Amino acid sequence: EGERLLEGDLWEVDLSRDGRSVAAGGGQFSAEDTHIKVRDLETGEQIRLDAGDGTFVMDVIFLSDNRVVGSGEGGVRLWDLGTREFEQLTPGPTGYLAATPDDGYLFIMVGEDLEMRMGGVVAVLDRASGETRELAAHGAEVNALAIDPTGTMVATGDTLGVVRVGPVDGGEPHLLLGHSTRVESVAFDPKGRW
């Protein structure tokens, strides 16, 4: 039987780019888990990133400098693992996250409610300028998103079963049709061909 790395009401999980740490957010079903849990896989040390507002954390991703971005009811927050302090990047509620490989852009699903039952839009946060823009060509019912390994293409899946693949700068995406129900997840292969 494998060792439990993290416990509690967990939602999305991410592995750091150096493979040393794992992080997860939670708290949708348990108020005591409304924080981000991070575990160092080499030392076993676990830390808790808590904004203190009791809001559910829907998604987490590691950036290349081992900082963690979390999204959820409290918006998008950028956490420093050393100080355990955060910078508020956007208000909430926000859903799933993706980042370009150079961490220059964060892609955020923003919807009517946290569960995104009716889908949402994709907003792009330019980390250098702090400006946010919407990827309008991907529609208003996005349910899943991914960035390709080069950081130049974004894929989205929506509640109507449409997958869109297009440039991260907001150009017109290609439509991939054929799903009869909502698309729950999208991903690129490591070479970005599929």
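This is a predicted model: local features need pLDDT of at least 70, side-chain atom pairs count only at pLDDT 80 or more; totals for chains, interfaces and linings use all residues.

User: How do I read a pocket, and what volume does the largest pocket have?

Analyst: Rolling a probe the size of a water molecule over the atoms shows where empty space is left. Here that's done on a 1 Å grid over the protein atoms alone: a cavity is a set of points where a 1.4 Å probe fits but cannot get out, while a pocket is an open set with protein on both sides within 12 Å along at least five of seven lines. Lining residues have an atom within 4 Å of a point. Points are joined across faces, edges and corners, and the volume is the space filled by probe spheres set on them. The largest pocket comes out at about 580 Å³. It has 29 lining residues, and Asp-14, Ile-61, Leu-97, Ala-98 and Ala-99 are the closest to its centre.

User: Which elements give two or more residues to that lining?

Analyst: Strand 1 (10–15), strand 5 (57–62), strand 9 (97–99) and strand 13 (142–147) do; strands here are DSSP runs of E, at least two residues, numbered from the N terminus. Strand 13 supplies the largest share, five residues. By class, the lining of the largest pocket has 18 nonpolar, four polar and seven charged residues. For those classes, Ala, Val, Leu, Ile, Met, Phe, Trp, Tyr, Cys and Pro count as nonpolar, Asp, Glu, Lys and Arg as charged, and the others, Gly among them, as polar.

User: What lines the second largest pocket?

Analyst: That pocket has a volume of about 160 Å³, and its lining includes Arg-20, Asp-40, Glu-45 and Arg-84. Five of the lining residues are charged, with three nonpolar and two polar. Strand 3 (residues 36–40) gives the most, three residues.

User: On to rings: how many aromatic pairs does the rule find?

Analyst: Two. Rings of Phe, Tyr and Trp (its six-membered ring) pair if their centres lie within 6.5 Å; planes under 30 degrees apart are stacked, over 60 edge-to-face, and the rest tilted. Trp-11 and Phe-56 are edge-to-face, 5.5 Å centre to centre with 80° between the planes. Trp-11 is in strand 1 and Phe-56 in the loop between strand 4 (46–49) and strand 5, so this pair ties together parts 45 residues apart in sequence. The other pair, Trp-79 and Phe-86, is tilted, at 4.8 Å and 50°.

User: Is Trp-79 buried or exposed?

Analyst: Buried means under 20% relative accessible area, exposed over 50%, and partly exposed in between (1.4 Å probe, protein chains only). Trp-79 is buried because its value is 4%, whereas Phe-86 is partly exposed at 33%. The charged end of Arg-77 also sits over the Phe-86 ring, 4.9 Å from its centre; the rule wants NZ of Lys or CZ of Arg within 6 Å of the ring centre and within 35 degrees of the ring normal.

User: And which residue forms a salt bridge with Arg-77?

Analyst: Side chains of opposite charge can pair when their charged atoms come close. The cut-off puts a side-chain nitrogen of Lys or Arg within 4 Å of a carboxyl oxygen of Asp or Glu, and the count is eleven salt bridges. Arg-77 pairs with Asp-53, with the closest N and O atoms 2.5 Å apart. Asp-53 lies in the loop between strand 4 and strand 5 and Arg-77 in strand 7, so the bridge ties together parts 24 residues apart in sequence. Arg-77 is buried at 10%, while Asp-53 is partly exposed at 38%.

User: Which residues are linked in a network of salt bridges?

Analyst: Arg-20, Asp-40 and Glu-42. Arg-20 and Asp-40 are also among the residues lining the second largest pocket.

Notes: Residues are numbered from 1 along each chain as its sequence is written. Side-chain values use heavy atoms; hydrogens and water are left out. Helices (H or I, at least four residues) and strands (E, at least two) are DSSP runs, numbered from the N terminus.
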